[in-house]
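The sequence and structure come first.

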Amino acid sequence: MGERGALRARLDLLAREVAKFGAVGALGLVVNIAVSNLIWRTTEIPVVRAGLMGTAVAILFNYVGFRYWTYRDRDKSGRTRELMLFLLFSAAGAVIETGVLYLATYGFGWNSPVQSNVFKILGIGIATLFRFWSYRTWVFRALPAEEAVLDTDRFLEPRRPSDEVTPGPVPN
């Protein structure tokens, strides 16, 4: 497989991973918004606290989706480590997400139902970028064999004549 083929294969794998991550995340978004709105509408719990509760429910939902669908082919040997890292990075994402909602609500006084939902979704979007990077890098790691195959692909390819180095003149 040439360099282009290897790059194409890696991009295809990344595109599938992003699509699966996005599908689970989209369902998690629905869960997050639904739980947050249910709490906002039916209780006296403040907006930011209710938003954080919705995030917590979505985090649990997303773990199941990521582990058993998006990253089902990844290393499963350290489940305790995986779960702890997932919760750690999810908590960091929740801080990002809730921080945006907090700033809008208490910093600018934007707390109508529409404004709360808009800033909740904006916070989720920003936190999603962080979560995608951290989950794929630290939580759901590729199996060592997969990493080795991807790293050695470029070294096992046949050399092209243009890759050859021609020696210069030999000194006397």
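## Basis and fold

Helices (H or I, at least four residues) and strands (E, at least two) are DSSP runs, numbered from the N terminus. The expected span of a helix is 1.5 Å times one less than its number of residues. The model is predicted: local features need pLDDT of at least 70, side-chain atom pairs count only at pLDDT 80 or more, and totals for chains, interfaces and linings use all residues. Residues are numbered from 1 along each chain as its sequence is written, and side-chain values use heavy atoms, with hydrogens and water left out.

The chain has five helices and zero strands. Of its 172 residues, 31% are buried (under 20% relative accessible area; exposed is over 50%, partly exposed in between; 1.4 Å probe, protein chains only). Contact means heavy atoms within 4.5 Å; among contacts between residues at least 6 apart in sequence, 75% join residues at least 24 apart.

## Helix α1

Helix α1 has 40 residues and spans 57 Å from its first C-alpha to its last, close to the 58 Å expected at 1.5 Å a residue. Its buried residues include Ala 6, Glu 17, Phe 21, Val 24 and Trp 40. The cover over the buried residues of α1 includes α2, α3 and α4 (113-139).

## Salt bridges

The structure holds seven salt bridges, each a side-chain nitrogen of Lys or Arg within 4 Å of a carboxyl oxygen of Asp or Glu. Arg 8 is exposed at 55% relative accessibility, and Asp 12 is partly exposed at 33%.

Arg 136 and Glu 17 form a salt bridge at 2.8 Å, N to O. Arg 136 is in α4 and Glu 17 in α1, so the pair ties together parts 119 residues apart in sequence. Glu 17 is buried at 8% relative accessibility, whereas Arg 136 is partly exposed at 32%. A network of salt bridges links Glu 17, Arg 74 and Arg 136.

Glu 97 and Arg 131 form another salt bridge, with the closest N and O atoms 3.2 Å apart. This pair joins α3 to α4 across 34 residues. Glu 97 is buried at 1% relative accessibility, and Arg 131 is buried at 10%.

Asp 75 lies in the loop between α2 (47-70) and α3 (79-107). Asp 75 is buried but has no salt bridge; Arg 141, the nearest side chain of opposite charge, is 4.0 Å away (Lys and Arg count as positive, Asp and Glu as negative; His and the chain ends are not counted).
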